[in-house]
Amino acid sequence: MGLETGTNTAVAGHQHDTPPPSESTHHHHHFFLPLPSNFLLQTPKLVIIFALVAFSCLLLYQSSPSLRFPFNYNSSGINSSENKADELKSILKRAATSNNTIILTTLNDAWVEPNSMFDLFLESFKIGNQTQRFLKHLVVLAMDQKAYTRCLKLHPHCYNLSTEGMDFSEEAYFMAADYLKMMWRRIDFLRSILDLGYNFLFTDADIMWFRDPFPHFHEDGDFQIACDYFRGNPFDLNNLPNGGFTYVKSNIKTIQFYKYWFESRLTYPGLHDQDVFNKIKFDPFIRDNGLQIRFLDTMFFGGFCEPSRDFDKVCTMHANCCVGLENKVHDLGIMLQDWRKYMQSFVNQTTKVHTVSWTVPQSCRGSFNRPRVAKKKDHQGSKS
């Protein structure tokens, strides 16, 4: 199913049934048995029957995916796949917490450019309230080679998730074809992380980290997701979720759910992962699977859609309800300035904490209604 993080294994060989030799070919004695008088007349018929059987077997082989190699068989291809799987396992092992939890984010070249999104993302960990310690558990999934190269210069845990034949380096506009491919590639890969036995906290890179989020996750939740708009009840399936921030425990329920989620893209073609989740969260599959879904309170996990108003409680803030990398970078830079003012208030006692408030969104406000022009050369990308 799409990307597999484990080793790609080819079929070792095919067992071809060989018909037993006819009696005429047996020569246990040093003389030949006389041939039946009609043998020569039957021989053409036998050849034709044999040819038809052989041709039918060939058609069956060609039409059955399970009988063919999953890729062109060559030793270098197998070695490359094994190396990638081993590399991923090594990175996850180094980055994991004591309870096998990984923090994950994805980046493409547009988002990792200097003075762009990735720089703001890393800075938020450094100026947040005791959040810098989480950087050692962060694994960056680079969607293209340029992003991978840049990531290696800034962060110790980078994995190259680029796909042959797909270019995710340029701007991926919200709901464009490349955007959808990127989102579904992410869902399939996250399933493979669960398969390897790791819990994960996935965070979009346009989410700023200000406090430890883990105390605010629900103990009984298998799959926990942030919201664009929170209705006050973490159990309410009518909450409007945002797939940019999810905490998922590795177990059979979540693995099956991610497979079902990924396969549901075929049921709802043209929709991205978040919209498909909103469709399937009511499916009987969820009830039968026993998956415990919890929606996260925007008091702790806010965003531009519904900001966290309490600076004493906010853990993360997301540049959601916004499109355009330039708009996001502008407003998130201001958001970090707002946070610095809040933190400075503890040093400068003359400043009242309650006077600090968010001064964003600014450029992001109304961004969905403004025309956007692709800027491929300067990599002004966009994700929502």
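This is a predicted model: local features need pLDDT of at least 70, side-chain atom pairs count only at pLDDT 80 or more; totals for chains, interfaces and linings use all residues.
1. Start with a strand pair. β1 and strand β4 (residues 199–203) run parallel to each other and pair over four bridges.

2. Within β2, V140 stands opposite T105.

3. How many residues of β1 are buried? Seven of its seven residues are, and the strand is mostly covered. Both faces are covered. On one side sit T101, I103, T105 and L107, and on the other I102, L104 and T106.

4. Now look at the largest nonpolar core. It has 52 residues. Those with the most contacts inside it are F121, W209, F210, F245, M335 and W358. Elements giving two or more residues to this core include β1 (101–107), α4 (117–127), β5 (207–209), β7 (240–248) and α10 (325–344). The largest share, eight residues, comes from α10. There is also a second, separate core of 40 residues, and F202, F223, F277 and F295 are among them. As background, nonpolar side chains tend to be buried together in soluble globular proteins.

5. Take W209 as a case to study. Its place is strand β5. Buried or exposed? W209 is buried, because its relative accessible area is 0% and the cut-off for buried is under 20%. Beyond four places in sequence, W209 touches I103, F121, S124, F125, G128, T131, F134, L201, T203, F245, C315 and T316. F125 is 84 residues from W209 along the chain, yet their C-alpha atoms are separated by 5.6 Å. W209 also has a polar contact: its side chain and that of T203 are joined at 3.3 Å.

6. Compare W358, another residue named in the largest core. Leaving out residues up to four places away in sequence, W358 touches F210, P307, S308, F311, V314, M317, M335, D338 and W339. Two of the residues on that list, F210 and M335, are also named for their contacts inside the core.

7. Which backbone oxygens does the side chain of K328 reach? K328 lies in helix α10. It is buried, with a relative accessible area of 0%. A polar atom of its side chain lies 2.6 Å from the backbone oxygen of A319. The side chain of K328 also reaches the backbone oxygen of C322, at 3.4 Å.

8. S116 sits in the loop between α3 and α4. Its relative accessibility is 7%, so S116 counts as buried. Apart from neighbours within four places in sequence, its contacts are A110, W111, L325 and V329.

9. Finish with helix α7 (residues 252–263). It has twelve residues. From first C-alpha to last it reaches 17 Å, close to the 16 Å expected at 1.5 Å a residue. At the start of α7, a side-chain oxygen of N251 comes to within 3.0 Å of the backbone nitrogen of K253.

10. Which residues of α7 are buried? They are T254, I255, F257, Y258, W261 and F262. Seen down the helix axis, these buried residues fall within an arc of 160°, so they line one face of α7.

Note on methods. Residues are numbered from 1 along each chain as its sequence is written. Side-chain values use heavy atoms; hydrogens and water are left out. A nonpolar core is a set of buried Ala, Val, Leu, Ile, Met, Phe, Trp, Tyr and Cys residues joined through side-chain atoms within 4.5 Å. Buried means under 20% relative accessible area, exposed over 50%, partly exposed in between (1.4 Å probe, protein chains only). Contact means heavy atoms within 4.5 Å. The expected span of a helix is 1.5 Å times one less than its number of residues. The arc is that of the directions from the helix axis to the C-beta atoms. A polar contact is a pair of N or O atoms within 3.5 Å; within protein, one must be able to donate a hydrogen and the other to accept it, and residues adjacent in sequence count only if both atoms are side-chain atoms. Two strands pair if DSSP finds at least two bridges between them.
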